Amino acid sequence: MTQIKRSDLSHAPVCVTCGTQYAGVERMTDCPICRDERQYVGWQGQRWTTTAEIAAGHEIRFDDAAGVTTMALEPGFAIGQRAFLIPGEGGPGGRMVMWECLPAVTEAAVQHIAGLGGVQAIAISHPHFYSAMLEWSEALGGVPIYLHEADEDWVASDSPFLRFWDGEHFALSPNIDLVHLPGHFAGSSGLLWKNGPRPGGSLFPGDAIQIAMDRRFASFMYSYPNAIPLGRKALARLKAHVDPLAFADLYGSFAGKQMIGDAKERVEASFERYRKALEA
Ligand SMILES: [Zn+2]
Ligand SMILES: [Zn+2]
């Protein structure tokens, strides 16, 4: 892995299709994330930009999604995921956890986050959302970035801010656990906010659980853009990881995708629907 230099970051190559920044790299030819069968090379061929260029043409919009602060690039860019600001143990106004990441950093967004109390750590579900994580860490004051170690090979640049956790469960703070949800990636993980924003708990599953368009069901795919389903064994393994988790709300990777109040039952019904589809 390359050791990054801070001054490199806003001009480091960022893949236009997936939004991954290759910090500390002068020039890239192709993007390993997009070459993988879970993603795809853009139809115009591999193209590169920088966070400086993205920030010049986009803003970071903050929204409230059923009681949780979200951040997303506007207009949309690359995969188009949202990131979340989860209050730390101090509650609203305390230092937050940034769950997931975005492909560009703007000064306005950094200022806005500081005004909300700042961020104590970044945690990310899987490599599709690593985005500009090292630049974000530095912009937020050199905060640690928590990733599951099973996906360590997907990390392009070494950094003193990276923290790899292993196993099934990692207590990030008294109210926030990182939980292993393997399937989409070997190290796919979720964030479980045990006491908020409502009683019952909220699960942020990244792409391990994808809320369907009807928002009543979810699905579980190895690749979403290339429509490669999880097989029977992978589904059973993922279900065994989800079953012990207590949550009433589920917040998906994209704007508007949340299940509030009865998410656990809906996810259970979704596993059952998927299992029946595999047998049909
Ligand atoms: Zn890419
Ligand atoms: Zn993904």
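Two strands pair if DSSP finds at least two bridges between them. With that in hand, here are some close-up views of this predicted model.

**View 1. Strand S9 and its parallel neighbours.** Strand S9 (residues 145-148) is joined to strand S11 (residues 162-165) by 4 bridges, and the two run parallel. Look for Leu147, whose bridge partner in S11 is Phe164. S9 is also joined to strand S8 (residues 119-123), again in parallel, through 2 bridges. Here Ile145 of S9 stands opposite Ile122.

**View 2. The side chains of strand S9.** In a regular strand, side chains alternate between the two faces of the sheet. Ile145 and Leu147 point one way from S9, while Tyr146 and His148 point the other way. Are these residues buried or exposed? All of them are buried.

**View 3. An open sheet with mixed pairing.** This sheet has 6 strands, in the order S12-S13-S14-S15-S20-S21. Its edge strands, S12 (169-173) and S21 (258-259), each pair on one side only. Within the sheet, strand S14 (residues 189-193) meets strand S15 (residues 202-204) in the antiparallel sense, over 3 bridges.

**View 4. The zinc site.** Which residues coordinate the zinc ion (ligand 1)? The SG atoms of Cys15, Cys18, Cys31 and Cys34 do, at 2.3 Å. The angles among the 4 donor atoms are 103 to 120°, and the site is tetrahedral. Along the sequence, the donor residues follow the spacing C-x2-C-x12-C-x2-C. Both Cys31 and Cys34 are buried.

Terms used
Residues are numbered from 1 along each chain as its sequence is written. Chains are lettered from A and ligands numbered from 1 in the order in which they are written. This is a predicted model: local features need pLDDT of at least 70, side-chain atom pairs count only at pLDDT 80 or more; totals for chains, interfaces and linings use all residues. Side-chain values use heavy atoms; hydrogens and water are left out. Buried means under 20% relative accessible area, exposed over 50%, partly exposed in between (1.4 Å probe, protein chains only). Donors are N, O and S atoms within 2.8 Å of the metal (3.2 Å for Na, K and Ca); water is not among the atoms, so sites may look incomplete. Four donors count as tetrahedral if all angles lie between 85 and 135 degrees; four count as square planar and six as octahedral if opposite donors are over 155 degrees apart and all others between 65 and 115; anything else is irregular.
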